[in-house]
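Open the model in your viewer and keep the selection panel at hand. This tour says what to select next and what is there.

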Amino acid sequence: WFCSFIMIMCLMIVAWGKSARVKLIGVCCASLYSGIGEASLLGLASFYDSQMCLTAWSSGTGFAGIAGYLWAIVFDAIGTCF
């Protein structure tokens, strides 16, 4: 419940924050949420096939960078700002 609450709060703060300082607090909340989730995943990997879990986790984080870059190229090519 705690992680869900932090995730919702960070999205609301960044979306509706009036100043850059307030939005930065939302980004900090997102970082806290991400860190808790990552630590939980790595801790739970010890109960399963650790090599497969860590390989999937590292592949997912690497693919996120590639997909994000391609996403930006597509939106730039069609002239849409996101």
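The model is predicted, so local features need pLDDT of at least 70, side-chain atom pairs count only at pLDDT 80 or more, and totals for chains, interfaces and linings use all residues. Residues are numbered from 1 along each chain as its sequence is written, and side-chain values use heavy atoms, with hydrogens and water left out.

Select C3. Its relative accessible area is 25%, which means that C3 is partly exposed. C3 lies in helix α1 (helices are DSSP runs of H or I, at least four residues, numbered from the N terminus). Leaving out residues up to four places away in sequence, C3 touches Y33 and I36 (contact means heavy atoms within 4.5 Å).

Now show α1 (residues 2–16) with α2 (residues 20–44). Their axes lie 8 Å apart at an angle of about 155 degrees (axes are lines fitted to C-alpha atoms over the stretch in contact; angles run from 0 to 180 degrees between N-to-C directions). The two helices are therefore roughly antiparallel (over 145 degrees).

Move to helix α3 (residues 50–77) and pick W71 and F75, four residues apart. These rings form a tilted aromatic pair, 4.9 Å centre to centre with 45 degrees between the planes (ring centres within 6.5 Å, the six-membered ring for Trp; planes under 30 degrees apart count as stacked, over 60 as edge-to-face, the rest as tilted). W71 counts as exposed, at 51% relative accessibility.

Note on methods:
Angles under 35 degrees count as roughly parallel, over 145 as roughly antiparallel, 65 to 115 as roughly perpendicular and the rest as oblique. Buried means under 20% relative accessible area, exposed over 50%, partly exposed in between (1.4 Å probe, protein chains only).
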